Amino acid sequence: MSSTRQEKRMKENYLDFGGLKDDKKLDWFIFYFIIPLFLIIVYIMVHFHPELERILILQTSNPTWISIYLSNFVHTDFWHHLGGNLLSYFILIYLILFFRTDRKKFYINMALFFTVLPVLCSLSTIYYISASPPSFGFSGIVSGLAGYLLYSVYWYVREKWGIPLNIHFIFSILAFNLLIITFTYKWFWTSVFLFLIFLIALYMAKKGLTMTISKIIDKWNEIKQKNVKVKICKLMIFLFTVSFLFGSAMGLFPVNAKRINILAHYVGYCFGALVPLIFVDGGMLVLKKLLDSDKR
């Protein structure tokens with residue numbers, strides 16, 4: 001291989017921060033066209049046939065299995081409700097695909113997000129807030145994607161950078177966001193307890209976090225020397241994502257916001273961060289061990 005080709009290859013692989021490649025065209029089609037189109041079709045159907053609201057929107061005092069599932073895809077306002085959810089959804093999907101390391105696991109998790117999570121959000125609302133107004137909207141799933149972005153960054157750092165970042169990193173961010181919620185609602189002692197949990201989790205993740213910060217600094221210094229603008233943009237995306245993870249509670253759980261199901265948001269957020277880690281990764285690990293034992 002000539003030196004020119006070697007230099008070109010090194011430049012391409014110089015700073016691996018993911019990115020949307022040709023092999024993700026199917027993902028773009030599904031998540032940027034099919035799902036938004038489905039949400040828009042449901043909106044149009046409800047808008048022109050108001051009687052469908054009685055069937056599709058979840059009435060917590062009189063739930064049906066149809067409304068328990070499909071209410072998570074219903075919107076009655078286009079610009080504020082559906083538009084806001086779609087904007088958040090587009091940004092989160094872009095970042096998730098940017099950090100994705102395993103396509104098979106990604107689709108397993110997305111299947112859970114669009115089948116199990118809607119039911120879980122609705123059931124939690126029925127059980128804990130049975131006297132609440134009608135519940136509907138895509139925001140529970142969007143919150144789940146925000147949690148899944150946390151999981152995606154965690155695995156990206158481990159798989160692509162080879163840094164032993166442990167699960168305490170995930171728990172530290174979950175605790176930090178819940179801390180913000182309890183602090184804004186003035187639940188003082190709960191805030192104190194969560195602050196201690198946050199510090200403990202952060203301390204237990206310090207080795208991986210320290211190595212991650214050192215890696216970012218090294219990459220920044222290398223980028224400045226080579227002045228690779230594309231790589232600078234990708235590093236900025238990484239830093240923006242990490243800062244978003246620590247401040248996502250402000251967008252997902254606004255204080256005194258009317259007609260926002262905070263409980264469904266947090267159920268989705270925790271589901272997105274923990275279910276892929278515990279059930280998908282854990283289940284695949286158990287399956288692998290079982291298959292290995294059969295071979296023996």
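How many helices and how many strands are there in the chain? The chain has twelve helices and zero strands; both are DSSP runs numbered from the N terminus, a helix being H or I with at least four residues and a strand E with at least two.

Before I continue, a word on the source. This is a predicted model, in which local features need pLDDT of at least 70 and side-chain atom pairs count only at pLDDT 80 or more, while totals for chains, interfaces and linings use all residues. Residues are numbered from 1 along each chain as its sequence is written, and side-chain values use heavy atoms, with hydrogens and water left out.

Let us turn to the interior. Of the 296 residues, 44% count as buried, meaning under 20% relative accessible area with a 1.4 Å probe, protein chains only. A nonpolar core is a set of buried Ala, Val, Leu, Ile, Met, Phe, Trp, Tyr and Cys residues joined through side-chain atoms within 4.5 Å. The largest such core has 59 residues, and Tyr89, Phe114, Phe138, Leu150, Phe169 and Ile170 have the most contacts inside it. Among the elements giving two or more residues to this core are helix 2 (25-48), helix 8 (168-184) and helix 12 (262-295). Helix 7 gives the most, 13 residues.

Consider Ile170 in particular. Leaving aside neighbours within four places in sequence, Ile170 is in contact with Leu150, Tyr151, Tyr154, Ala273, Leu274 and Leu277, where contact means heavy atoms within 4.5 Å. A second, separate core of seven residues includes Val46, Leu52, Ile57 and Phe136.

Finally, of the contacts between residues at least 6 apart in sequence, 79% join residues at least 24 apart.

Notes. Buried < 20%, exposed > 50% of the residue type's maximum accessible area, 1.4 Å probe, protein only.
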